[in-house]
Amino acid sequence: MTRSVFFGTPAIAVPALRALAETTEVVGVVCQPDRPAGRGMKLTAPAVKQAALELGLEVHQPVKVKTGNLDEWLEARAVEVAVVLAYGRILPEAVLAAPRRGCINLHASLLPEYRGAAPINWAIMRGETRSGISLMQMDAGLDTGPVYCARELAIAPTETAGELAARMADLAAAMVRDDLPRVLAGELEATPQDAARASHAPPLEKADLVVDWSWEATRIVDWVRGLSPLPCARTTLEGKTLKLQQARVCPGTCPTGSAGEVVIADKSGLVVACGEGFVELQRAQLEGRKALAAVDLVNGRLLTLGARLGT
């Protein structure tokens, strides 16, 4: 049986790890170090580590990938292939070359589209209607290696990044079970990417989270969906941050108003004017308070008629 190592960190990678353990001999799991989490900032193990320990697998959590002798760790275990999904760090060339068959990545986009760290978020934020998983051979570039195969998923009009990620996780597991064995058997040939068609999905910065109310309504709703449930799209209200957790394009006729102005705030809903169209806020969280549905935001007078969102 093929000796493998799995690289991954968040919950999206867990189904693929379990699938790899069913189809190969997993001799180690590499994930990021434990981090403080929650209100008490308690040191918490990544989801992949928790799953690996449940499976009785050895876990390695290097603090630094470039200087942590990770290539020697792989070579000592005679690893034939490393499977990577959402590890969250760039692997140096020595690590990529350590397994006999190299490192194979499950990337959450239809490459060469959305190369980079946040493909699920950016695909929804940019209004895409399709995405998928690409099974690729890793090289020294950022998601630039040749692709063995890809499976497509339609993005539902109301789907959030969290919901799409959950479906991606299941699809990645299916590809580990069905497609990876064909790669290892030499039945699938990797095809070079067309660099001219490449688009990028860089890490999300604070500035990327901010909604601009001069945008048209559909774009704002896509922004909210693409950043839900975390890190969450946001705006400001009287100098405080307002996280926008759920929204939709307002389906009816609304009063006129300038971009960012609350034009409806009653039992019928909470509606904000945009550069073009109107957005109905369904759930939001004002700084220092818990998340609330629109009706509770109105009843608590946290958002009132005529209030202005954004700077």
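Predicted model: local features only at pLDDT ≥ 70, side-chain atom pairs only at ≥ 80, totals over all residues.
Student: How many aromatic pairs does the structure hold?

Tutor: Three.

Student: Why is the pair of Phe-7 and Tyr-87 called edge-to-face?

Tutor: Start with the centres: they are 5.3 Å apart. The limit for a pair is within 6.5 Å. Now take the planes, which stand at 85 degrees. Over 60 counts as edge-to-face, so the pair is edge-to-face.

Student: What makes this a link between distant parts of the chain?

Tutor: Phe-7 is in strand β1 (residues 3-7). Tyr-87 is in the loop between β6 (81-84) and α4 (93-97). The two are 80 residues apart.

Student: Are Phe-7 and Tyr-87 buried or exposed?

Tutor: Both are buried. That puts each under 20% relative accessible area.

Student: Which residues do ring pairs link into a cluster?

Tutor: Trp-122, Trp-215 and Trp-223.

Student: How do you know that Arg-219 lies over the face of Trp-215?

Tutor: Check the distance to the ring centre: 3.9 Å. The limit is within 6 Å, and the charge must also be within 35 degrees of the ring normal. Arg-219 is counted as lying over the face.

Student: Why is helix α1 called roughly parallel to α6?

Tutor: The axes of α1 (residues 14-23) and α6 (residues 161-178) cross at roughly 15 degrees. Angles under 35 degrees count as roughly parallel, so α1 is roughly parallel to α6. The axes come within 8 Å, and the crossing is right-handed.

Student: Which residues of α1 and α6 meet?

Tutor: Among them are Ala-16, Ala-19 and Leu-20 in α1. In α6 they include Ala-169, Ala-173 and Val-176.

Note on methods:
Residues numbered from 1 in each chain as written. Heavy atoms only, no water. Phe/Tyr/Trp six-rings, centres within 6.5 Å; stacked < 30°, edge-to-face > 60°. Helix = DSSP H or I, 4+ residues; strand = E, 2+ residues; numbered from the N terminus. Buried < 20%, exposed > 50% of the residue type's maximum accessible area, 1.4 Å probe, protein only. Axes fitted to C-alpha atoms, helices over the stretch in contact; angles between N-to-C directions. Parallel < 35°, antiparallel > 145°, perpendicular 65-115°, else oblique. Left-handed = near helix turned anticlockwise from the far one by under 90°. Contact = heavy atoms within 4.5 Å.
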